[in-house]
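I opened my notebook to look at how parts of a structure meet. Here is what I looked up, entry by entry.

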Amino acid sequence: MPQEMIHPGTTELTYRDAVREAIRDAMRRDDRVFLMGEDVGRYGGCYAVSKGLLAEFGPERIRDTPLSESGFTGAGIGAAMAGMRPIVELMTVNFSLLALDQIFNSAVTVRHMSGNQFGVPLVIRMATGAGRQLAAQHSHSLEGWYAHIPGIKVLAPATVEDARGMLWMALQDPDPALIFENVMLYNMTGKLAADAGPVNIDKAAVRRPGRDISLITYGGSLWKTLEAATVLAGENIDAEVIDLRSLRPLDDATIMTSVARTRRAIIVDEGWRSGSLSAEIGMRMVEQVFWELDAPIGRVCSAEVPIPYARHLENAAIPQVPNIVAAAKAVFGRA
Amino acid sequence: MTPPTDKPRLSREHMLGLLKQMIRIRRFEAKCAELYTQEKIRGFMHLYDGEEAVAVGVIPVLEKRDRIVATYREHGHALVRGVPMTTVLAEMYGKQDGCSRGRGGSMHLFDRATNFYGGNAIVGGGLPTAVGLALADRMRGDDSITACFFGEGAVAEGEFHESLNLAALWGLPVLFVCENNLYAMGTALAISESETNIQRKAACYQIASEAVDGMDVIAVEAAARRAVQAVRETRKPYFLECRTYRLRAHSMFDAQLYRDKAEVEVWRHKEPIVRYQGWLEANHLIHPEDLARMESEVAAEIAEAVAFGEAGTWEPVEQLTRFTYAEAAAQADR
């Protein structure tokens, strides 16, 4: 029986439920918090994250918006500058490009341009990633782009604990925070302590300790990487798996401590390889732990193609367990 | 000139004050242009010459608690709102004594003390911010209103339409003030809009509107009073189109190839300061000594601002990366 497997004091829930609980908790704790976005209210959220919240909090605080990504993201910026704590939901990362001007030219720059007089304590959540055959306008992983920008925080919760706990800390942050929720995680179930609450948003986590190689990843790729680590264990390669959690700032200390010990590293990133977050992490390793490395740094990224519709092509376009296993073995000169 | 008959409480002192504010902006910016040629001020700088009646007519009608969002042509708005001329000029010098600590420059004057939410240099980019400021006020039940200035060039941006729709849909207290100076940089209104009557755009969003001669400070002020009263009473947006003209170049790099000198001359005869001053004189509301006093007070204020800018200090380069994220002290008082 599943119930018997749950530790007393824990509940099993989906990642989607965890995000919803995080929103509900924030709304209850702080009346400055409100959620706005396309179909967050009556529809219940494109990915059903906000289902039921309208009935609990009403249409002022669970605010359905027209299809005006730039307009309502900018409204979130203005409301944040005036002291509210908005959560803006953008359906997918591809749609966030319609709000990119507001995110970049306003949310990010206001504190600096105003000489620290105004800040934008805004949280923007969006779905990211491929795997649902949604093709080339709904499936990309552009969080690495956002991580390029100084002035924002970029978060990638991969576990139900983080889905539940990151939002509140992001809302406490005086600067804009973007939360990327991988679409393949929404249905994933996990155990959550009954008293689960806020978690730190600036540290990477070692999800599986190991001695032989560091596998560095985040978001939807975490679970594939953990599976790859299990496969590698069967081949006598003891992999350490690091979940970045925060893509900006990057927790260099955790990464470098791990790599300095294992002396080998693979970065698994659903973004494209060229000019990517994986490139940034690799270069930081070169700068900081080059002399500790026993082998070239490897990467498993998405193929340099817009995400295709056909299932077999989509699967081939993004990191998968066999690619990760192969890349790790290649570091050891094994096929 | 519009006779100020619908405003019996307009005192002579008030009417002289309007003239002084316009002269203050004009003389200040003339000094800025001079300082620009001396390379004391760099970057892009956009002068308000010819459009002063808009800021002077609208902004004093607002209350201290109200909020203002402006554009990159915002020196006049900042001065009229009460941002000290000293810190405005120091900002343009790039000194840390500037109103944005020298991080913003001419296009990004900000001032928390006067609820001045900045010069925004993305055309149309300030409109969603204004919607959000007003949304916060609405959700909290505050009675502040937000005045959002933008040029007619912004009307071609999607954010204009998104913002008008959101403000009307959600019932937000925003006063949209379109400063229609007929040119988006060098692109004439007639070659950028299928419907050149800007005011009519507001009707599509069920927003009450009015168009006014933006070269007539009395008319602008009267319209602004009606507009502000409407926003405050209805808690709904209002659209005020001020038809005006930019007499100088778009920025300091503009050779003005896109318009005839003759056209500029025609508008020069309608320019707000000479026109208003002439009207005051014809009605014996101003004496030569009033004007002399005004000019000397403005000159003294400008001299003080220049001295302040010159004496200002450069921020140490060691502080380069500050103000990218909040610092501990700033977090504490959030």
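Predicted model: local features only at pLDDT ≥ 70, side-chain atom pairs only at ≥ 80, totals over all residues.

Entry 1: where the domains touch. How many residues of domain 1 of chain A are in contact with domain 2 of chain A? I got 23 residues of domain 1, in contact with 24 residues of domain 2. On the domain 1 side, helix 8 (143-146), strand 6 (153-155) and strand 7 (177-182) of chain A each give at least two residues. Strand 6 of chain A has the largest share of that side, with three residues. I sorted the domain 1 side by class and wrote down 12 nonpolar, eight polar and three charged residues.

Entry 2: Next I picked helix 4 (residues 69-81) of chain A and helix 5 (residues 126-140) of chain B, which pack at an angle of about 50 degrees with axes 6 Å apart. The two helices are therefore oblique to each other. I noted the crossing of helix 4 of chain A with helix 5 of chain B as right-handed.

Entry 3: who makes that contact. From helix 4 of chain A I listed residues including A:Gly71, A:Gly74 and A:Gly78. From helix 5 of chain B, B:Val131, B:Gly132 and B:Leu135 are among them. By class, this helix contact has 10 nonpolar, seven polar and no charged residues.

Methods. Residues numbered from 1 in each chain as written. Chains lettered and ligands numbered in written order. Contact = placed C-beta atoms within 7 Å. Helix = DSSP H or I, 4+ residues; strand = E, 2+ residues; numbered from the N terminus. Nonpolar A, V, L, I, M, F, W, Y, C, P; charged D, E, K, R; others polar. Axes fitted to C-alpha atoms, helices over the stretch in contact; angles between N-to-C directions. Parallel < 35°, antiparallel > 145°, perpendicular 65-115°, else oblique. Left-handed = near helix turned anticlockwise from the far one by under 90°.
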